[in-house]
Amino acid sequence: MKSIKENFKKRHIVIIGSGIIGKFNALELSELGFQITIIDPAKLVNGSNASLGLLMGNMYQKRRGRSWDLRKQSIELWPKWMEFLQKFNYELIIEKPLIQLTTNEEIFKKLEKFVDENNDQNLRILKRDSVIIKNINKVFQTKNIKGLISFKDGRINAISLLKTLDKYLKHKKVNFLEEEIIKIRKSNNQWISTTRNNKEIKSDMVILCNSLKVIDLIDNLSHNIKLKPVLGQAIEIDINDAEVDLLSLPKQFNINGKNIIPKTKKKLIIGSTDEYSTEPDEDTFEKLTSFLDQIPSWLKKGKISKKWYGIRSKPDGEPSPIMKNLKNGLLICTGFYKNGILLAPACSRWVANEIKKYLS
Ligand SMILES: Cc1cc2nc3c(=O)[nH]c(=O)nc-3n(C[C@H](O)[C@H](O)[C@H](O)COP(=O)(O)OP(=O)(O)OC[C@H]3O[C@@H](n4cnc5c(N)ncnc54)[C@H](O)[C@@H]3O)c2cc1C
């Protein structure tokens with residue numbers, strides 16, 4: 001009897017979309033032995049390239065339900081995939097810990113309750129008298145910041161991760177087609193994906209990882225899936241203040257919903273906002289720097305040295321992400337308006353399990 005892997009070798013799977021979700025699915029499935037083709041017209045501009053790469057898993061406060069299950073599974077899978085991916089890029093790391101900060105008493109009480117109830121060694125409350133908090137308050141010229149430290153959460157550089165996945169996929173001889181798919185249909189037990197240039201790619205299965213554009217490909221198959229665009233923005237700011245050393249701050253943290261990553265003594269990244277639009281406004285600086293009652297003087301005087309944004313897709317009328325086995329070898333894995341980097345391992349595992357079930 002032929003081994004399962006040998007059987008998989010004969011199966012061709014097309015993945016539409018090469019963001020983090022498409023690439024992670026390709027990783028998971030090529031390790032199982034499938035022949036993979038990834039199709040995407042734009043290798044550089046997508047939601048994944050814009051990402052700050054924060055992995056907010058263990059600090060997620062709702063510890064039940066599908067959302068938590070996916071996070072929990074990703075938390076378990078990340079160290080294994082890191083060990084694997086480091087063979088292709090030894091510099092790829094997850095910087096830990098991650099700190100969540102607030103100036104809101106109510107929110108802080110909820111954080112205290114969460115840590116209290118969960119008895120999790122990897123989470124600690126940071127009160128005003130903690131050395132880390134004293135320093136953060138000093139730098140941000142306030143007295144009200146406090147929060148939570150999560151030793152299991154952290155940050156991966158999203159661009160490095162995507163490049164490492166590219167290296168792996170090349171090594172595995174995964175086929176990459178720089179094309180846009182405009183139609184998919186099933187004919188004689190095969191899926192046919194048609195490109196804008198009228199090429200037809202045949203496969204046994206198709207996985208849709210193309211975010212907002214999923215709708216264009218499945219509309220005619222009458223599935224009731226709706227996705228809304230959500231804008232995420234980030235800025236890199238240069239500061240000019242002899243007193244401030246940004247490297248004295250933690251490596252990554254979040255204050256009142258804004259993610260902050262100090263890069264050098266005088267440079268930091270701030271992101272991201274969730275806005276239901278597709279074009280960033282002119283007032284990005286104000287939007288991203290107004291997370292305290294008063295903007296610290298050094299930040300107010302800061303100059304934007306880089307600015308970028310990405311559009312993600314949010315499911316309308318159902319929870320994020322959308323993971324569905326639509327029919328006869330057509331799967332959908334999209335709608336990651338947040339946490340796509342964090343959830344990629346768990347969601348790719350789900351896809352792989354569905355495919356194994358379908359083929360058995
Ligand atoms: C500023 C910002 C900060 C973020 N920070 C974080 C963070 O800290 N942590 C975290 O986990 N997440 C973060 N996110 C969210 C994360 O980036 C997304 O959840 C994730 O990138 C979604 O990946 P994706 O593969 O689903 O979509 P995308 O990366 O958008 O990929 C979809 C791909 O599909 C392709 N495509 C579209 N139509 C077609 C077609 N017809 N044919 C072929 N290909 C097609 C597109 O070209 C695109 O490359 C952030 C996002 C932004 C914008």
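α3 (47-50), β8 (154-156), α7 (158-171), β16 (258-264) and β18 (303-315) each give at least two residues to the lining of the second largest pocket. Bear in mind that this is a predicted model.

Student: How much space lies in the second largest pocket?
Tutor: Start from the general idea: rolling a probe the size of a water molecule over the atoms shows where empty space is left. For the second largest pocket, that space comes to about 620 Å³.

Student: Which residues lining the second largest pocket are the closest to its centre?
Tutor: The lining has 27 residues. By type, they divide into 14 nonpolar, 6 polar and 7 charged. The ones closest to the centre are Arg 155, Asn 157, Ile 261, Lys 263 and Ile 269.

Student: Let's turn to the ligand. Which residue has a polar side-chain atom 2.6 Å from an oxygen atom of the ligand?
Tutor: There are 35 residues around the ligand, and those that come nearest are Asp 40, Ser 48, Leu 54, Ile 181 and Phe 336. The polar side-chain atom 2.6 Å from a ligand oxygen belongs to one of these, Asp 40.

Student: Which residue puts a polar backbone atom 3.4 Å from a nitrogen atom of the ligand?
Tutor: Take care to separate side chain from backbone here. Ser 51 has a polar side-chain atom 3.4 Å from a ligand nitrogen. The residue that uses a backbone atom, with a distance of 3.4 Å to a ligand nitrogen, is Asn 339.

Student: In the sheet β10-β11-β12, why is one side of β10 and of β12 left without a neighbour?
Tutor: This is an open sheet of 3 strands with antiparallel pairing. β10 (181-187) and β12 (200-203) each have a single partner strand, so one side of each has no neighbour in the sheet: both stand at the edges. From one strand to the next, the twist averages 20 degrees.

Student: Which residue in β8 is the bridge partner of Ile 94?
Tutor: β8 belongs to an open antiparallel sheet of 3 strands, in the order β3-β8-β4. Its edge strands are β3 (54-55) and β4, each pairing on one side only. β4 and β8 are joined over 2 bridges, and in β8 the partner of Ile 94 is Ile 156.

Student: What is omega for the peptide bond from Lys 96 to Pro 97?
Tutor: Most residues other than glycine have a negative phi, and most peptide bonds are trans. Pro 97 sits in the loop between β4 (94-95) and β5 (98-102). The bond from Lys 96 to Pro 97 is cis, with omega near -5 degrees.

Student: Which residue does a cis peptide bond join to Gly 271?
Tutor: Look at the loop between β17 (267-271) and α9 (284-289). The cis bond has an omega of about -20 degrees, and the residue it joins to Gly 271 is Ser 272.

Student: What is the phi of Lys 173?
Tutor: Lys 173 lies in the loop between α7 and β9 (175-177). Although Lys 173 is not a glycine, its phi is positive, at about 60 degrees.

Note on methods:
Residues are numbered from 1 along each chain as its sequence is written. This is a predicted model: local features need pLDDT of at least 70, side-chain atom pairs count only at pLDDT 80 or more; totals for chains, interfaces and linings use all residues. Side-chain values use heavy atoms; hydrogens and water are left out. Two strands pair if DSSP finds at least two bridges between them. Helices (H or I, at least four residues) and strands (E, at least two) are DSSP runs, numbered from the N terminus. Axes are lines fitted to C-alpha atoms, for helices over the stretch in contact, and angles run from 0 to 180 degrees between N-to-C directions. On a 1 Å grid over the protein atoms alone, a cavity is a set of points where a 1.4 Å probe fits but cannot get out, and a pocket is an open set with protein on both sides within 12 Å along at least five of seven lines; lining residues have an atom within 4 Å of a point. Grid points are joined across faces, edges and corners, and a volume is the space filled by probe spheres set on the points. Ala, Val, Leu, Ile, Met, Phe, Trp, Tyr, Cys and Pro count as nonpolar, Asp, Glu, Lys and Arg as charged, and the others, Gly among them, as polar. A residue is near a molecule or strand if one of its heavy atoms lies within 4 Å of it. A polar contact is a pair of N or O atoms within 3.5 Å; within protein, one must be able to donate a hydrogen and the other to accept it, and residues adjacent in sequence count only if both atoms are side-chain atoms.
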